[in-house]
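Please look over the sequence and the structure shown below, and keep both at hand while reading the report that follows.

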Amino acid sequence: MKRIKIFDTTLRDGEQSPGVNLITEEKLAIAKQLARLKVDVIEAGFPIASPGDFAAVKAIAEVVRDVEIAGLARSNQKDIDRAWEALKGAENPRLHVFIATSPIHMKYKLKMTEDEVLERAVFAVKHARQYTPNIEFSPEDGSRSKPEFLYRLFKEVIKAGATVLNIPDTVGYATPGEFGNLIKGIKENVSNINQAEISVHCHNDLGLAVANSLAALENGAEQVEVAVNGIGERAGNTALEEIIMALATRKDYYNLAVNQDTTQIMRLSRMVANLTGMDIQANKAIVGKNAFAHEAGIHQDGVIKERTTYEIMDAKSIGLNENSLVLGKHSGRHALRDFVEKSGYELSEEKFEDLFREFKKLADKKKKLKPMDIEALINNEIHAIDTIYELDYVSVSTGNTVLPTATIRIKKEDDILEKAACSGDGPIDAIFQAINEVLDFDNIKLISYKIDAITEGTDALGEVVVKLEIDDKTYIGHSAQTDITYASTLSYLEAINRYMSTNRK
């Protein structure tokens, strides 16, 4: 069976989703989980885009091993040099260069002719080749480009040293039949195509990204570019989890193999959803909360008698199996550490001790802890950032006959900032107004506020995710606690701390 390479672009194209702004530590955490999933290539970012993007690509390149690390660059010397500076510490770096090739892009955006675009593409590949032999070339808006021009262009960039040709459906315009025929035509009309791999990068504007990618694979593509939960520009990218599970589940049809550890999918999906603040729709294929849920009596009866009557995949195959280790208030460090390690997480000794303290606090409040409770606490520790402002005290007064009021006190290093009492439309609004007053912030806009119960019951952990706009940029904070007002306060402060940490650097 031919093996298909999985190229993940969550940290580059995925982060281009409106409202998403990941810091280096968060990108590194996602990259490590992608490595546990065993993707073949991680596109870590667009180094020329910002100092933060450069720092994230550099950190991932230097830390994450056993996977190719790619950086994106436009077809000019400055972009390519900057990308290589970030990538050079990688075990197996890949330079990914691109230039637009469709008539509409060349005429209105580039203001270049076909010959000029071809010349620029060849220059870019040759310049990148000085740094590494691992070169991917993409003709932006490839699906709306003239096939004859693509054939000519690909022949020349392969001669110049490109080892991977990526054909993007940049605006999600293609249909499966069209896109499959485009790949077939490239294989038949580019004389030296056997010297390079064919990759595809599809967008989901018409809801066809996965279908187009599968059609391309059926017609000879060897790599598919994906993003976790299908996030990305506009309607997003080909969903990583859908492609991997489609190929794994329907080997009988596609006769293609993937090499990923699918049991890591669910943890990765939740991590990306938490850090980006982008909800997963309940009926989302593979990772939605209803994907393995059955309510209809006929379905329930069938699944009880034989799971495969209504389930074409085993929930355990994506990492949904319950952990049999019982953890509670009498559990010690060894049991908790065993859970952490078996779950695939990495924590420093300091973070583990912080986790153990929070675990004990939660165990005193809850009668029964579930793996998802503990994973929520682990995520609190993994994604913690430098604490500039720390909550010292919060109290809320509310009711149907009183004006909701919040009193708060915040620490900054050794200083206690003056506590403030503020009223609001509700208890949460009062808390946020109090924080703004204590910190003297008048440039904060609350974009979204979301609460999810991680587990069931009156003592369930509730996860709060807030999204703030500060100085025209978006910052996300989240916290999981049994007390929603406390979690709301911590998540709001975490978003502000992200802003402070980013701008302090």
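## The sheet β11-β12-β13

In this predicted model, three strands form an open sheet in the order β11-β12-β13, and their pairing is antiparallel. Because β11 (390-397) and β13 (415-423) each have a single partner strand, they stand at the edges, and one side of each is left without a neighbour in the sheet. From one strand to the next, the twist averages 10°.

The pairing can be followed in detail between β11 and strand β12 (residues 405-412), which run antiparallel and are joined by 7 bridges. One place to look is E390, whose bridge partner in β12 is K411. Helix α16 (residues 427-439) lies across β11, β12 and β13, and this helix runs at about 140° to β13.

## The sheet β14-β15-β16

Another open sheet of 3 strands has the order β14-β15-β16, again with antiparallel pairing. Here β14 (444-453) and β16 (473-481) are the edge strands, and since each has a single partner strand, one side of each is left without a neighbour in the sheet. The twist in this sheet averages 15° from one strand to the next.

Between β14 and strand β15 (residues 462-470), the antiparallel pairing extends over 9 bridges, and K450 stands opposite V465 in β15. Helix α11 (residues 265-276) lies across β15 and β16, with a direction at about 120° to β16.

## Helix α2 and its surroundings

Helix α2 (residues 51-63) consists of 13 residues and reaches 18 Å from its first C-alpha to its last, which is close to the 18 Å expected at 1.5 Å a residue. Its buried residues are D53, F54, A56, V57, A59, I60 and A61. Against which elements do the buried residues of α2 pack? They pack against α1 (24-37), β3 (41-45), β4 (68-74) and α3 (77-87).

Although A90 and I60 are 30 residues apart along the chain, their C-alpha atoms are separated by 7.9 Å. Is A90 buried or exposed? With a relative accessibility of 11%, A90 counts as buried, because buried means under 20%. Leaving aside its neighbours within four places in sequence, A90 is in contact with A61, R65 and I69.

## The nonpolar cores

The largest nonpolar core has 95 residues, and those with the most contacts inside it are I69, F137 and V157. Helix α6 (residues 147-160) supplies the largest share of this core, namely 8 residues. Apart from this core lies another, of 29 residues, which includes A406, I410, A430 and L439.

The surroundings of F137 can be listed one by one: not counting residues up to four places away in sequence, F137 touches V97, I99, A121, V125, L153, F154, V157, A162, V164, L165 and N166.

## The chain as a whole

The protein chain contains 17 helices and 16 strands, and its C-alpha atoms fill a box of roughly 75 × 60 × 45 Å along the principal axes. Its radius of gyration is 25 Å, which agrees with the value near 23 Å that a compact globule of 505 residues would have.

Of the 505 residues, 54% count as buried. Among contacts between residues at least 6 apart in sequence, 66% join residues at least 24 apart.

Key. Residues numbered from 1 in each chain as written. Predicted model: local features only at pLDDT ≥ 70, side-chain atom pairs only at ≥ 80, totals over all residues. Heavy atoms only, no water. Helix = DSSP H or I, 4+ residues; strand = E, 2+ residues; numbered from the N terminus. Expected span 1.5 Å × (residues − 1). Buried < 20%, exposed > 50% of the residue type's maximum accessible area, 1.4 Å probe, protein only. Contact = heavy atoms within 4.5 Å. Core = buried A, V, L, I, M, F, W, Y, C linked by side-chain atoms within 4.5 Å. Pairing = 2+ DSSP bridges. Axes fitted to C-alpha atoms, helices over the stretch in contact; angles between N-to-C directions. Rg over C-alpha atoms; globule rule 2.2 N^0.38 Å.
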